Amino acid sequence: MKRSRNILGIAAIIGTLAFTAVAQTSLKSVDGEQIDIQRQSGKAVILAVGASWLPLSAKQAEFTNSLARKYAGKNVAIFFVLTDSINSKSKNHATDEELRAWATKNRVSVKILRDPDGAGTLRKFSIDQLPSFVVLDKGGNASGEPFGGVDPNFDITVPISKKVDSLL
């Protein structure tokens with residue numbers, strides 16, 4: 001009996017983790033639209049993952065806009081995922097309105113998505129630093145390691161473009 005409970009407990013934990021991993025691929029935009037970033041109709045996907053409070057995310061926005069121009073009209077979806085917390089008690093809290101204002105200020109030309117707990121996307125795609133970029137293949141799977149960090153003196157769009165071009 002005790003063994004059965006242990007097995008059921010382990011199964012419940014595995015089920016919860018599997019559900020969490022799947023659920024975290026669906027993010028809400030700051031405009032209220034629910035988007036599953038891993039189910040983009042056979043498109044390669046570029047995720048710019050940052051935070052409005054992080055100064056380098058402004059440079060990341062420039063790189064993201066450059067990628068959006070390059071891949072406009074191609075089979076590529078690009079999203080900016082902001083990890084600002086929805087919890088008003090968090091020091092990294094931001095409202096949707098504040099994130100829209102940040103996007104306007106930085107002229108972000110792609111859809112802004114929220115990571116509601118500020119860490120789900122980081123865990124899902126093994127991102128260990130912000131800002132970062134993640135490229136997903138047409139099946140919605142991470143294609144290689146994240147492109148971590150943004151150096152204002154290095155055009156990160158070059159290696160990202162090479163990765164994306166290899167998927168098209």
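Colleague: Why are strand 1 and strand 2 said to pair?

Modeller: Strand 1 (residues 26–29) and strand 2 (residues 34–36) have three bridges between them, in the antiparallel sense. Pairing calls for at least two bridges, so these strands qualify. Please keep in mind that this is a predicted model. As an example of the bridging, Ser26 has Asp36 in strand 2 as its bridge partner.

Colleague: Which residue in the hairpin of strand 1 and strand 2 takes a positive phi?

Modeller: That is Gly32, with a phi near 95°. The hairpin has four residues between its strands.

Colleague: What makes strand 1 and strand 5 a pair?

Modeller: Two bridges join strand 1 to strand 5 (residues 111–114), and the strands run antiparallel. The requirement is at least two bridges, so this pair meets it. Here Lys28 stands opposite Arg114 in strand 5.

Colleague: And what joins strand 3 to strand 4?

Modeller: Seven bridges do, with the strands running parallel. Since at least two are asked for, strand 3 and strand 4 count as paired. Within this pair, Leu47 has Phe79 in strand 4 as its bridge partner.

Colleague: In what order do the strands of the sheet lie?

Modeller: The seven strands form an open sheet in the order 2-1-5-4-3-6-7, with mixed pairing.

Colleague: Why do strand 2 and strand 7 stand at the edges?

Modeller: Strand 2 and strand 7 (147–148) each have a single partner strand, so one side of each is left without a neighbour in the sheet. Helix 2 packs on the sheet, where it touches strand 3, strand 4 and strand 6. The direction of helix 2 makes about 165° with that of strand 4.

Colleague: How do you know what span to expect for helix 2?

Modeller: Helix 2 (residues 56–70) has 15 residues, and at 1.5 Å a residue the expected span is 21 Å. From its first C-alpha to its last, helix 2 reaches 21 Å, close to that expectation.

Colleague: Which residues of helix 2 are buried?

Modeller: Among them are Ser57, Gln60, Ala61 and Phe63. The buried residues of helix 2 pack against strand 3 (44–50), strand 4 (76–82), helix 3 (96–105), strand 6 (132–136) and helix 5 (157–167).

Colleague: Why is Val49 called buried?

Modeller: Val49 has a relative accessible area of 0%. The place of Val49 is in strand 3. Leaving aside neighbours within four places in sequence, its contacts include Gln60, Val81, Thr121 and Leu122.

Colleague: How many residues apart in sequence are Val49 and Thr121?

Modeller: They are 72 residues apart in sequence, with their C-alpha atoms 8.1 Å apart in space. For the chain, among contacts between residues at least 6 apart in sequence, 69% join residues at least 24 apart.

Colleague: Which residues touch the most other members of the largest nonpolar core?

Modeller: Of its 27 residues, those are Ile46, Ile78, Phe80, Val108, Phe133 and Ile160. Strand 3, helix 2, strand 4, helix 3, strand 6 and helix 5 each supply at least two residues of this core. Apart from it lies another core, of 15 residues, including Phe79 and Leu113. In soluble globular proteins, nonpolar side chains tend to be buried together.

Colleague: What share of the protein chain is buried?

Modeller: Buried residues make up 42% of its 168 residues.

Terms used. Residues are numbered from 1 along each chain as its sequence is written. This is a predicted model: local features need pLDDT of at least 70, side-chain atom pairs count only at pLDDT 80 or more; totals for chains, interfaces and linings use all residues. Side-chain values use heavy atoms; hydrogens and water are left out. The expected span of a helix is 1.5 Å times one less than its number of residues. Buried means under 20% relative accessible area, exposed over 50%, partly exposed in between (1.4 Å probe, protein chains only). Contact means heavy atoms within 4.5 Å. A nonpolar core is a set of buried Ala, Val, Leu, Ile, Met, Phe, Trp, Tyr and Cys residues joined through side-chain atoms within 4.5 Å. Axes are lines fitted to C-alpha atoms, for helices over the stretch in contact, and angles run from 0 to 180 degrees between N-to-C directions.
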